[in-house]
Structures are given as structure tokens and as C-alpha cells.
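Hi everyone, thanks for coming.

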Amino acid sequence: MPTALDYQRNSNTLWKSATATFEDNETSFVFNPQEVMNKDFIEVQATLTRYSLALQKNKQTQIWMGLCQTLVNNFNGKVTDFFAYFDNDIQKVRHYMQVEKKKDFPYLSGKKLCNYWLYVMYQYTNLPLINTDQIYIATDRHIIRATHKLGLITDEELESTKVQDYVIKAWIEAIKGTNYIPIDFQSALWLWARNGFKEEL
């Protein structure tokens, strides 16, 4: 769930805050959706802000509680049950989150955060995921700029409201026939663009 709060902030700081919250016995309950639903808004808010896991205390508490409610109402409050319901299939999970029930996954259903979250689940859990080659690149402004810099999208596509779709498609085409998946290039491209496209990072 911390991934849903990963916008316009330093990711390393976010995950340090998440770790501190998880390791504190008084605050770790926020990672249990059922327990979150048994608390009132003010208590959850105070807990999420103690270690700055939530920076926008009202909005981000609402996001967190909304995700917990989705998991409790439909998947026994467990992320593992959520994935199991869709046969641990990346494509099915993403379609459910981004098309069928987009409003039930505030912020996490976006083109950037959804794919980044799927990447986190693929990289850092032991879930038996399938179709992991379908984890698209997470299209934030740095990835978009880097993709344009490499000539994979045109000037016109860069200015389009559909630029995220163009970037996703460009990377699928660029690595076709290789052993890579688009998300493999996420960190390098992001750092390259963020550091002004310097030859050495």
C-alpha cells in the first residue's frame, strides 16, 4: 500500500517511513486492512503521519483506508487472496484495477503506480506470478522524457494527452525478441532523466 502514496516525493524516504511504521508495534496495524477498518479515521491518520508515511494527512489517509476497504470487502483483507483470485496473473490483476474497478484502487490504479506496484510485488515477494513480462514501464515524467530523448516517441507524441500509452507501447516494441521486460529499464531511465541525461550517473 505504500506505493499508492508514492507520488511527488522521494521513494527512498517513503520506504524508510513505511519500514519505521511497520517495525513499531503501536503503528504496524496499518498494514493489516482488517485492523484499519476497525479504527476510526483520526487514529489511522495519526498513525500514518507519525513517521511521515502519509504527508498529506487527509487525502493520503483516505487513499490508504480506501484500499484497505477494497481488500476487506472483496479479498478477505489479504493481498495474497487478491492475486490468487486472478490466478496470480499480472494481466488479469491490472485489468481489474485499471478497467473494471478503477475507483476501488485510488491512485494505485494509475498507469504509473499500478505497473510500479506490480513490479514491487514481482521483485520483492514470493507470489507465484505469471505473465510478468507484461509488467509495463511505469510512465512518470522522467521516464517519458528519457523515452523521448532516446527517440522512441516523437515530439508530437510527447505533447499528446496519450503520451503514457505511447511510452508503454514504445518500450514493448523496443525490447521485443529480447530477454528483457519493460520495467527492467525503470531505474536506469529514471535516474538518467532526473540527473539531466548525464553520461555518467
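Let me start with H8 and H11, which are roughly perpendicular to each other, because angles of 65 to 115 degrees get that name, while under 35 is roughly parallel, over 145 roughly antiparallel and the rest oblique. Their angle is about 85°, and the axes lie 8 Å apart. Before I go on, please note that this is a predicted model, where local features need pLDDT of at least 70, side-chain atom pairs count only at pLDDT 80 or more, and totals for chains, interfaces and linings use all residues. Residues are numbered from 1 along each chain as its sequence is written, and side-chain values use heavy atoms, with hydrogens and water left out.

A word on terms. Helices (H or I, at least four residues) and strands (E, at least two) are DSSP runs, numbered from the N terminus. Axes are lines fitted to C-alpha atoms, for helices over the stretch in contact, and angles run from 0 to 180 degrees between N-to-C directions.

Which residues of H8 meet H11? They are His-142, Ile-143, Arg-145, Ala-146 and Lys-149, and contact here means heavy atoms within 4.5 Å. On the H11 side we find Gln-186, Leu-189, Trp-190, Trp-192, Ala-193 and Arg-194. By class, this contact has six nonpolar, two polar and three charged residues; Ala, Val, Leu, Ile, Met, Phe, Trp, Tyr, Cys and Pro count as nonpolar, Asp, Glu, Lys and Arg as charged, and the others, Gly among them, as polar.

H8 also packs against H10 (residues 163-174), at about 60° with axes 10 Å apart, so these two are oblique to each other. Ile-143, Ile-144 and Thr-147 of H8 touch Val-163, Gln-164, Val-167, Ala-170 and Trp-171 of H10. That contact has six nonpolar, two polar and no charged residues.

Next, H6 (residues 90-100) and H7: their axes come within 11 Å and cross at roughly 150°. Among the residues that meet are Met-97 in H6 and Trp-117 in H7.

Now the pockets. A pocket is an open set of points on a 1 Å grid over the protein atoms alone, where a 1.4 Å probe fits, with protein on both sides within 12 Å along at least five of seven lines; lining residues have an atom within 4 Å of a point. Of its 23 lining residues, Asp-6, Ser-11, Asn-12, Tyr-116 and Trp-190 are closest to the centre. H1, H7, H8 and H11 each supply at least two lining residues.

The second largest pocket comes to about 550 Å³. Closest to its centre are Met-1, Pro-2, Val-79, Trp-117 and Met-121. Its lining divides into 17 nonpolar, five polar and one charged.

Notes
Points joined across faces, edges and corners; volume = space filled by probe spheres on them.
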